[in-house]
Amino acid sequence: KVNKETWFTPWISDEEDDRMILNTEKKISFEEGISQGIEQGITEGTLTTKLETARKMKEKNIDLQTIMEVTDLSKEEVERL
């Protein structure tokens with residue numbers, strides 16, 4: 001859009017504009033990928049911690065309801081441990 005402005009035309013070619021747009025899109029995609037990866041890692045790490053806590057609580061013979069309340073895991077998730 002900017003490249004179509006008469007005041008800007010002498011400063012950048014269509015090819016350079018396309019290259020800059022592509023680089024910007026790549027950078028945005030990369031940053032979104034990193035952000036999604038961090039979010040996914042945190043989610044998986046949280047679940048791993050909850051499962052490990054529940055497993056240890058089961059080993060101590062703590063009742064199912066308490067384990068579910070403490071870990072926010074479902075009955076099925078705790079029973080699978």
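Mentor: Glu 52 is partly exposed, with a relative accessible area of 32%, and Arg 55 falls in that class too, at 31%. Here buried denotes under 20% relative accessible area, exposed over 50%, and partly exposed what lies in between, with a 1.4 Å probe and protein chains only. Salt bridges with shared partners link Glu 52, Arg 55 and Glu 59 into one network. Within it, the side chains of Glu 52 and Arg 55 meet at 2.3 Å, N to O; a salt bridge requires a side-chain nitrogen of Lys or Arg within 4 Å of a carboxyl oxygen of Asp or Glu. Because Glu 52 and Arg 55 are three residues apart in helix H1, about one helical turn separates them.

This is a predicted model, in which local features need pLDDT of at least 70 and side-chain atom pairs count only at pLDDT 80 or more, while totals for chains, interfaces and linings use all residues. Residues are numbered from 1 along each chain as its sequence is written, and side-chain values use heavy atoms, leaving out hydrogens and water. The chain averages a pLDDT (the predictor's confidence in each residue, from 0 to 100) of 88, and 86% of the residues score at least 70.

The search of the whole structure finds four salt bridges. One of them joins Glu 16 to Arg 19 at 2.4 Å, N to O. Glu 16 is partly exposed at 30%, as is Arg 19 at 42%. Another joins Glu 31 to Lys 27 at 3.9 Å, N to O. These two residues are four apart in helix H1, so they are separated by about one helical turn. Glu 31 is partly exposed at 44% relative accessibility, whereas Lys 27 counts as exposed at 53%.

Helix H1 (residues 14–59) also holds Ile 38; helices are DSSP runs of H or I with at least four residues, strands are E runs of at least two, and both are numbered from the N terminus. With 46 residues, H1 reaches 67 Å from its first C-alpha to its last, close to the 68 Å expected at 1.5 Å a residue, that span being 1.5 Å times one less than the number of residues. Asp 17, Ala 54 and Met 57 are buried in H1. Just after H1, Asn 61 takes a positive phi of about 60 degrees.
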